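Subject: Structure handover

Hello,

I am passing a structure on to you, and my notes follow below it. Please look at the structure first and then read on.

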Amino acid sequence: MTTLSKIAKNIIIFGAPGGGKGTICNKLVKDFQFTHISTGNLLRNQVAKNTALGTQVKSFLAEGLLVPDQIVVDIIKSEINQKDSHLFDGFPRTIEQASILIQALKIDAVISLEIPFEVIIERLSNRWIHIPSGRTYAYDYNPPIKHGLDDITGEALIQREDDNPISIKRRLEEYEKVTSPVLNFFSQQQNIKFSNFKGSESNVIYKNLKPFLVEHVLNI
Ligand code: AMP
């Protein structure tokens with residue numbers, strides 16, 4: 001693992017649901033010392049533990065609708081630490097969330113992943129997840145070692161409640177309508193590096209993304 005400089009770096013991995021943000025973040029966490037913050041994973045864990053917050057957000061997640069900004073912003077504020085380097089995955093998803101984030105933390109880069117929607121729909125329908133960690137598997141290209149079980153903990157894998165055709169459609173609509181304009185917001189911010197990576201395979205995207213970050217953002 002490469003040590004990052006003492007100055008914290010904060011990077012947003014941006015893209016449609018099912019576009020490989022989590023996979024790219026996992027690769028970056030293996031290679032560098034980032035704190036990975038996935039609002040989707042944090043919210044799903046609250047639902048799985050049946051907390052008061054989980055009960056409040058459960059139906060939004062199941063239906064593929066965005067959770068109200070204030071709830072998500074409160075979660076983020078409790079997770080961030082000015083000294084750490086963060087990778088944001090699935091946050092921000094609205095202009096409101098983005099404006100609050102740039103006031104709370106210096107954002108160094110926004111990396112946008114552009115994956116064709118047909119690939120996303122296919123991927124989400126075949127995705128299996130280990131809820132506590134957020135690790136994902138697919139039986140065709142990334143199968144678990146033992147059928148139905150997480151490689152690290154041996155716990156059961158499940159299909160996400162929102163990885164069904166109706167919720168997938170709604171999530172992609174939410175992305176187009178509410179979340180994709182956030183990219184325009186960031187492209188207008190000075191001092192935030194902005195880059196776009198296209199493709200359908202996370203391994204291939206990562207081969208280009210990693211050197212870009214090393215050279216232009218992490219400066220290591
Ligand atoms: P994800 O795992 O990032 O696809 O998120 C799963 C679901 O969690 C989304 O469909 C939303 O219901 C909710 N969610 C995650 N992140 C956010 C966010 N930043 N703002 C609002 N809702 C969110």
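Grid points are joined across faces, edges and corners, and a volume is the space filled by probe spheres set on the points.

The model is predicted, so local features need pLDDT of at least 70 and side-chain atom pairs count only at pLDDT 80 or more, while totals for chains, interfaces and linings use all residues. Residues are numbered from 1 along each chain as its sequence is written, and side-chain values use heavy atoms, with hydrogens and water left out.

Cavity and pocket

Over the whole structure, the search finds one cavity of 30 Å³ or more. The largest cavity holds about 40 Å³ of space. Its lining consists of Val73, Ile76, Lys77, Ile80, Phe91, Ile100, Leu101 and Ala104. Helices α4 and α5 are the elements that give two or more residues to this lining; helices (H or I, at least four residues) and strands (E, at least two) are DSSP runs, numbered from the N terminus. By class, the lining of the largest cavity has seven nonpolar residues, no polar ones and one charged one. Here Ala, Val, Leu, Ile, Met, Phe, Trp, Tyr, Cys and Pro count as nonpolar, Asp, Glu, Lys and Arg as charged, and the others, Gly among them, as polar.

The second largest pocket has a volume of about 180 Å³. Its lining is made of Arg44, Val47, Ala48, Lys58, Leu61, Ala62, Ile131, Ile158, Arg160, Glu161 and Asp162. Six residues of the pocket lining are nonpolar, none are polar and five are charged.

Helix packing

How do α2 and α4 pack, in angle and in distance between their axes? Helix α2 (residues 39-48) and helix α4 (residues 69-79) pack at an angle of about 100°, and their axes are 11 Å apart. Axes are lines fitted to C-alpha atoms, for helices over the stretch in contact, and angles run from 0 to 180 degrees between N-to-C directions. The two helices are therefore roughly perpendicular to each other; angles under 35 degrees count as roughly parallel, over 145 as roughly antiparallel, 65 to 115 as roughly perpendicular and the rest as oblique.

Thr39, Leu42 and Leu43 of α2 meet Val72, Ile75, Ile76 and Glu79 of α4, where contact means heavy atoms within 4.5 Å. Five nonpolar residues, one polar and one charged make up this contact.

In α5 (95-104), the buried residues are Gln97, Ala98, Ser99 and Leu101. Buried means under 20% relative accessible area, exposed over 50%, and partly exposed in between (1.4 Å probe, protein chains only). The cover over the buried residues of α5 includes β1, α4, β3 and α8.

Backbone points

Most residues other than glycine have a negative phi, and most peptide bonds are trans. The peptide bond from Phe91 to Pro92 is cis, with omega near -5°, and Pro92 sits in the loop between β3 (86-89) and α5.

Asn50, not a glycine, has a positive phi of about 60°. Asn50 lies in the loop between α2 and α3 and is exposed, at 63% relative accessible area. Asn191, also not a glycine, has a positive phi of about 70°. Asn191 lies in the loop between α8 (181-187) and β7 (193-198) and is exposed, at 72% relative accessibility.

Buried residues in loops and a helix

Gly18 is in the loop between β1 (10-15) and α1 (21-31), and is buried at 11% relative accessibility. Gly18 and Leu124 are 106 residues apart in sequence, yet 5.9 Å apart in space, C-alpha to C-alpha. Not counting residues up to four places away in sequence, Gly18 touches Ile120, Arg123, Leu124 and Arg127.

Gly54 lies in helix α3 and is buried, with a relative accessible area of 2%. Leaving aside neighbours within four places in sequence, Gly54 is in contact with Gln46 and Val47.

Regards

Conventions:
1 Å grid on protein atoms, 1.4 Å probe; cavity = no way out; pocket = protein on both sides within 12 Å on 5 of 7 lines; lining within 4 Å.
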